Amino acid sequence: MTDTTTADRATASSSGAPRTGPVGIGVVGAGVISDQYLGNLTQFPDLRVLFIADIDEERAAAQAEKWGVPGSGSVAELLAHDDVEIVVNLTIPAAHVEVALAAVAAGKHVWGEKPYALDRESGQRLLAAAQEAGVRVAVAPDTFLGAGLQTALRVVRQGDIGAPLTGLALFQVPGPESWHPSPEFLFAHGAGPMFDVGPYYLTTLVQVFGPVAKVTATSSKARETRVIGSGPKAGTEFPVEVPTHVSALLQFESGASAQAVFSFDSKLARAGFVEIAGTEGTAVFPDPNMFDGDTLVHTGGDEPTVVPASGSTFTRGTGVAELAQAIRGGRRERVPGELAFHVLDVMVSLAESAERDESVVVASSLEPTPELPEDWDPSVATLS
Ligand SMILES: NC(=O)c1ccc[n+]([C@@H]2O[C@H](COP(=O)([O-])OP(=O)(O)OC[C@H]3O[C@@H](n4cnc5c(N)ncnc54)[C@H](O)[C@@H]3O)[C@@H](O)[C@H]2O)c1
């Protein structure tokens, strides 16, 4: 009998032949965000969504029926499905690493939702396990593959604002307990405004300036409890376990610097702001939590120049299509686990800085991500 290694299972079909054609997808987690993913994944021709799993198997079955996915059931059944090559992990943050490690152990590649992990140790364990198994771990956010941020990044890279010097990022809202029907996890260890939305802003800043070298932060918590505002649990009080306002200073390896605010404590909602000031101008980026939106370039005149977004405007799931093409093409994916790990390392370092009242050196680094071709379109079939 031939001994099949985990890496063989990732790259070959059960017959032993190299896999070709569309890539099989299994989705774990049939909650709020799964609709947006499934709406896209089921229409990308390079992907075949084969199975949906959830600890709540009825929820998985309902989503499978709604989106025309052939199978549903438990995570174990999904992992035993031979044609599932990428596990799309849409579970809550506390389950991200556990589910991803199980997928890696089954020889599957993983696309995960943010945050990548709750701490550096489990994040490193996952990267090491994936490397050992010869599979990929890629992690949201993939918003920077969208037309809006790709255009903003092109504006900076082609020199429209001169040399980029400083960044400003702002996310402040009253808090997601008003609209999310199960918001408890957003106020638990591993979430809060920084771990929940920080990845969008920090990933964008890292795309502009490269890796972060050192951070300093302060943080605070407005209330010890919150009340669910929508859905069947509306009116239920739950504990707030993490800071709900973080003010962050970032020093990049390049010498550039940036400041950011992540807050669930402001009745005045102002979110989606990333501004990059350069030697010749300032670029106002579109919302880093979105895949579309114009870039504004201010160079000192009365009115900014509006640069319309150009590229793919598909939303969540875009990175899964890019990962599938990278797997078949034998090249590195554009949203690698190393990027998510660096952003996690920055967030953990910010939390440590606020706790200890001192600056913290960020040990991890990363390679720059190549731009996407401007005409890249995940609705065009490339794998036959
Ligand atoms: N809701 C949003 O707008 C949004 C946007 C972007 C990203 N995200 C991210 O997506 C992820 C999921 O968010 P959501 O809002 O869909 O949460 P949710 O609570 O609505 O759904 C999570 C689902 O995962 C299932 N689950 C939890 N642990 C599991 C396990 N160990 N095995 C199998 N299933 C498990 C739950 O039963 C639930 O159905 C989070 O990481 C969140 O940060 C959410």
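The shell around the ligand holds 14 nonpolar, 5 polar and 6 charged residues (nonpolar: Ala, Val, Leu, Ile, Met, Phe, Trp, Tyr, Cys and Pro; charged: Asp, Glu, Lys and Arg; polar: the others, Gly among them). This is a predicted model, where local features need pLDDT of at least 70, side-chain atom pairs need pLDDT 80 or more, and totals for chains, interfaces and linings use all residues. Residues are numbered from 1 along each chain as its sequence is written, and side-chain values use heavy atoms, without hydrogens and water.

**Exercise 1.** Find which residues come nearest to the ligand.

*Solution.* Start with the shell of 25 residues (a heavy atom within 4 Å of the ligand). Val32, Ile33, Asp54, Arg59 and Lys114 come nearest. Then ask which domains contribute. Domain 1 (4-143 + 316-336) and domain 2 (144-307) each give at least three residues (bounds from an automatic or database domain assignment).

**Exercise 2.** Locate the cis peptide bonds at proline 115 and proline 141, and the positive phi at aspartate 357.

*Solution.* Recall the background: most peptide bonds are trans, and most residues other than glycine have a negative phi.
1. Lysine 114 and proline 115 are joined by a cis bond, omega about -10°. Proline 115 is in the loop between strand 5 (109-112) and helix 6 (120-133) (DSSP runs: helices H or I, at least four residues; strands E, at least two; numbered from the N terminus).
2. Alanine 140 to proline 141 is also cis, omega near 10°. Proline 141 lies between strand 6 (137-139) and helix 7 (147-157), in a loop.
3. Aspartate 357 is not a glycine, yet its phi is about 60°. Its loop runs between helix 10 (337-356) and strand 17 (360-361).
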